[in-house]
Number of protein chains: 2
Amino acid sequence: MATIKDIANQLGVSVSTVSKGLNGASDISESLRQSVLDTAVELGYTTKQMRGKDRRKLCIFVENMDYENPEEFGYEIILGFRQSASRENYDVTVTPVTPLFQSMEKYDTYMLKNGYVGAFMIGYALQDDWMTQFNTTNIPTILLDNYIKKNPAVGYIGTDSFEGIDDAIVHLMSLGHRRIALINGSRNSMISEQRRQAYIDSMTAHDLPFSEATMPYGYYVADAAKDHVSTLLSMGITAILCCNDLMASGVLTECRLRGRRVPEDVSVIGFDDLPISSKLTPPLTTIRQNRLELGMCGFYALNSLINHVPISRTLLRPQLIVRKSTANAADIPL
Amino acid sequence: MATIKDIANQLGVSVSTVSKGLNGASDISESLRQSVLDTAVELGYTTKQMRGKDRRKLCIFVENMDYENPEEFGYEIILGFRQSASRENYDVTVTPVTPLFQSMEKYDTYMLKNGYVGAFMIGYALQDDWMTQFNTTNIPTILLDNYIKKNPAVGYIGTDSFEGIDDAIVHLMSLGHRRIALINGSRNSMISEQRRQAYIDSMTAHDLPFSEATMPYGYYVADAAKDHVSTLLSMGITAILCCNDLMASGVLTECRLRGRRVPEDVSVIGFDDLPISSKLTPPLTTIRQNRLELGMCGFYALNSLINHVPISRTLLRPQLIVRKSTANAADIPL
């Protein structure tokens, strides 16, 4: 477990300052106190007060998502959620789940027997057992990137796919691109269908050509590039928009293998802005999802449900981060 | 100005309890303290601490909406906003505005010269001068029922029209109705277009007949019933869904004048659940918008923007309140 000294080192302050922050002393600033508490949460340090028995318990269930290291998609989501929850005196448990686990445990029963008053679900797929149970649960539940109709106990948070994808397409158009492909995520996921629709809407609005063949599914794996890049390039595609940074890194590799230069011959855009994206060659232009904010929003939406304010959905704005993987469309004959 | 005694009377507690609540004494419960503070805000009582000079200032701008009495649509929205803002140490000013005012004052300039750090806009119409300025403002701004694309400084909150209207139509279908009309609000408003689309989507999904003639605009005024009720009834409509309770009350009156009984001959549904709706004859079935929660949500979304969390939209769930104005479809020949 982390010590007070670990927190002090991380923040570059003295042990006594950390101690004051943890004990709510009045002679340090509110913003410094908050930094001490946030860092304590990040490092896993807990005080007796933070572990007090009257604190309410929340659970984050994680499926299909890596979250244990700062490089991974779920890490900051969970951190943002836990930091916000800690300020409001909640304890948070993170529980990885599998389809098998869900088929053996009813959601409501599991929550009840563990004393959880609410949950945040990240990485769920439409076919998951619990997804059906969310239609009727009375337990305050927030889903990342999944929407349950008409159950006021359940809310949805996410990033606005429509704005993100349109931002990327407008950026590519400004560089002269017209033949733009989308390598989507997994089939059978709400967010993939939403992004597919966003691509169709934006291409239609800007009068750009597209077809089923220009929007394949890549299942979020880097190797998907092997299946799709040569086909897309042979169709005259000059820009490839990928639904995560990992697939975009696969596209960069695949282009290199085929002797196609990025961005001179092909422009590539990722999604998420994971730490890896600025370190790729070339550094990746990408649609940023602010994961710390997603986690904070997840908590605030859940806290609203717990307080009987039936938030149906909360969306955050994405942000296009322009780096070096996009450039003027090559003057290649189409 | 309200006194401590007014607060005590309203809550049915002693003056010393109110005093403890206002001064943050430790020997009253947190929930009672919160009630004292909420009531103080509602009655307009302020302490020196609440007026302190380091408190940040927010403004609620109101247009096209009544809000001064508890019966009116805007009253609880503003109350919910002010109560939540007060807990986070903000001062709130309510400023009614007109199109003329907007044409004479630039939004950013007005905010700056008054020292407001953020604003909540309620009742704005698409053609308002300031609506264009919201596309480019950097000042944290939340709009009720209006959406600005791609500006991360501006967010939208509202009630989910799609669920509300589908709930109402499903309820009417369960009573045997198939010919259902929508009397919409004003043209040239985002929310009217959203509700029109919600009606079209729901009628289409349930395979019910509709046309341009079954979805007229009533501009939120009771008298609109005079224009539309006889036409709709002559078309064989058996249920009329109105986009506010005032138009629904007009429909009740108009049906009575024409010798048509509600709900035996015609079912009527309102929107909002204003206090008036339970007192009509018959008491009105209506799609409830929880206005206190809308106000609270408005504040929390604004506070997120102020803290650089770019919330794009937050929607609340509506709730169908079934009273006596809906019943089985009459066996009238169509």
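Me: Helices (H or I, at least four residues) and strands (E, at least two) are DSSP runs, numbered from the N terminus. So, which helix is Pro99(A) found in?

Reply: Pro99(A) belongs to helix 5 of chain A, residues 99-104. A word on the model: it is predicted, so local features need pLDDT of at least 70 and side-chain atom pairs count only at pLDDT 80 or more, while totals for chains, interfaces and linings use all residues. Residues are numbered from 1 along each chain as its sequence is written, and chains are lettered from A and ligands numbered from 1 in the order in which they are written.

Me: Okay. Is Pro99(A) buried, exposed or partly exposed?

Reply: Pro99(A) is partly exposed, with 14 other C-beta atoms within 10 Å. Buried takes 20 or more within 10 Å, exposed 12 or fewer, and partly exposed is in between, with C-beta atoms placed from the backbone.

Me: And what is Pro99(A) in contact with, beyond its neighbours within four places in sequence?

Reply: Asp128(A) and Asp129(A) are the contacts of Pro99(A) once those neighbours are left aside. Contact means C-beta atoms, placed from the backbone, within 7 Å.

Me: How far apart in space are Pro99(A) and Glu68(A)?

Reply: Pro99(A) and Glu68(A) are 20 Å apart, C-alpha to C-alpha, and 31 residues apart in sequence.

Me: How many residues of helix 4 of chain A are buried?

Reply: Twelve of its 15 residues, so to speak mostly covered. Among the buried ones are Tyr75(A), Ile78(A), Phe81(A) and Arg82(A). The cover over helix 4 includes helix 3 (30-43), strand 8 (267-272) and helix 12 (291-306) of chain A.

Me: How many residues does each chain bring to the contact?

Reply: Chain B brings 18 residues and chain A brings 18 residues. On the side of chain B, helix 12 (291-306) and strand 10 (311-316) each give two or more residues. Strand 10 of chain B gives the most, with six.

Me: And how do the residues on that side of chain B divide?

Reply: They are nine nonpolar, two polar and seven charged. Ala, Val, Leu, Ile, Met, Phe, Trp, Tyr, Cys and Pro count as nonpolar, Asp, Glu, Lys and Arg as charged, and the others, Gly among them, as polar.

Me: What rotation superposes chain B on chain A?

Reply: A rotation of 180°, with 0.0 Å of shift along its axis and an RMSD of 0.0 Å. The two copies are thus related as by a two-fold rotation axis. In chain B, Thr314(B) has the C-alpha nearest the axis, 2.1 Å from it. The superposition is by least squares on C-alpha atoms of residues with pLDDT of at least 70 in both copies.

Me: Why do we say the copies meet through the same surface?

Reply: Because 100% of the interface residues of chain B are also interface residues in chain A.

Me: Last one: what does Phe81(B) touch, residues up to four places away not counted?

Reply: Its contacts include Ile60(B), Val92(B), Phe120(B) and Met296(B).

Note on methods. Two residues are in contact if their C-beta atoms, placed from the backbone, lie within 7 Å.
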